[in-house]
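This briefing covers one protein chain, shown below. The points after it are grouped by topic.

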Amino acid sequence: MSIDRIERYLVAMTVTYERVSEDVWVINDPDKGLNQIVLFVDETLLTIRTRVMSYQQDNPDLQLQLFTELLQLNCDLVHGAYAIEDDFIILMDTIELETMDMEELQASLDAISLALAEHYDRLKKYLPARTE
């Protein structure tokens, strides 16, 4: 079964994770650059996603710059894409369960980890201003 295979792959990759339900895992492995990475099965797909950051919503010009930046960053990604969900920028990838192997899962996680590290400096300017 595909769900058992996911669990075996995570163990083999020595990733620190928690299984939170029958078909949902959360990876928290700072040494591998993977924090709050959620994996969940939805019918025939494994979706891998993480919240990257919230963003300023009170400045339309800055939002346009951010959305343009995200589209440009999507061109650099080997796996996955940036998206907007509610008030957050997310980074996600999907893998077809039927043909997924461990190398594909590892490549997806590596791409997400690399994107989070490499793109932070370009995205941090869009974080909401802190109110103290």
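Predicted model: local features only at pLDDT ≥ 70, side-chain atom pairs only at ≥ 80, totals over all residues.

**Loop and strand positions**

Glu-98 sits in the loop between E6 and H3.

*Residues in loops*
- Glu-98 is exposed, because its relative accessible area is 69% and the cut-off for exposed is over 50%.
- From Glu-98 to Leu-64 the separation is 34 residues in sequence and 38 Å in space, C-alpha to C-alpha.
- Asp-23 is located in the loop between E1 and E2.
- With a relative accessibility of 27%, Asp-23 counts as partly exposed.
- Asp-23 lies 103 residues from Tyr-126 in sequence, and the C-alpha to C-alpha distance between Asp-23 and Tyr-126 is 33 Å.

*Positive phi values*
- Most residues other than glycine have a negative phi.
- Thr-14, which is not a glycine, has a positive phi of about 50 degrees.
- Thr-14 belongs to the loop between H1 and strand E1 (17-21), and Thr-14 is exposed at a relative accessible area of 53%.
- Gln-36 is also a residue other than glycine with a positive phi, near 55 degrees.
- Gln-36 is part of strand E3, and its relative accessibility of 48% makes Gln-36 partly exposed.

*The largest nonpolar core*
- The largest nonpolar core has 33 residues, and the members that touch the most other members are Leu-39, Leu-46, Ile-48, Tyr-82 and Leu-105.
- At least two residues of this core come from each of helix H1 (2-12), strand E2 (24-29), strand E3 (34-42), strand E4 (45-54), helix H2 (60-76), strand E6 (88-96) and helix H3 (102-123).
- The element that gives the most to this core is H3, with 5 residues.
- Not counting residues up to four places away in sequence, Ile-48 touches Ile-37, Val-38, Leu-39, Leu-91, Met-92, Asp-93, Ile-95, Leu-105, Ser-108, Leu-109 and Ile-112.

*Packing of H2 and H3*
- Two packed helices are described by the angle between their axes and the distance between the axes.
- For H2 and H3 the angle is about 155 degrees, and the axes are 11 Å apart.
- H2 is therefore roughly antiparallel to H3, since the cut-off for roughly antiparallel is over 145 degrees.
- The crossing of H2 past H3 is right-handed.
- On the H2 side the contact involves Leu-66, Glu-69, Leu-70, Gln-72, Leu-73 and Asp-76, and on the H3 side His-119, Arg-122 and Leu-123.
- By class, the residues of the contact of H2 with H3 are 4 nonpolar, 2 polar and 3 charged.

- Leu-73 is in helix H2.
- Leu-73 is buried, because its relative accessibility is 0% and the cut-off for buried is under 20%.
- Beyond residues up to four places away in sequence, Leu-73 touches Tyr-82, His-119, Arg-122 and Leu-123.
- Leu-73 and Leu-123 are separated by 50 residues in sequence, with 9.8 Å between their C-alpha atoms.

Notes: Residues numbered from 1 in each chain as written. Heavy atoms only, no water. Core = buried A, V, L, I, M, F, W, Y, C linked by side-chain atoms within 4.5 Å. Buried < 20%, exposed > 50% of the residue type's maximum accessible area, 1.4 Å probe, protein only. Helix = DSSP H or I, 4+ residues; strand = E, 2+ residues; numbered from the N terminus. Contact = heavy atoms within 4.5 Å. Axes fitted to C-alpha atoms, helices over the stretch in contact; angles between N-to-C directions. Parallel < 35°, antiparallel > 145°, perpendicular 65-115°, else oblique. Left-handed = near helix turned anticlockwise from the far one by under 90°. Nonpolar A, V, L, I, M, F, W, Y, C, P; charged D, E, K, R; others polar.
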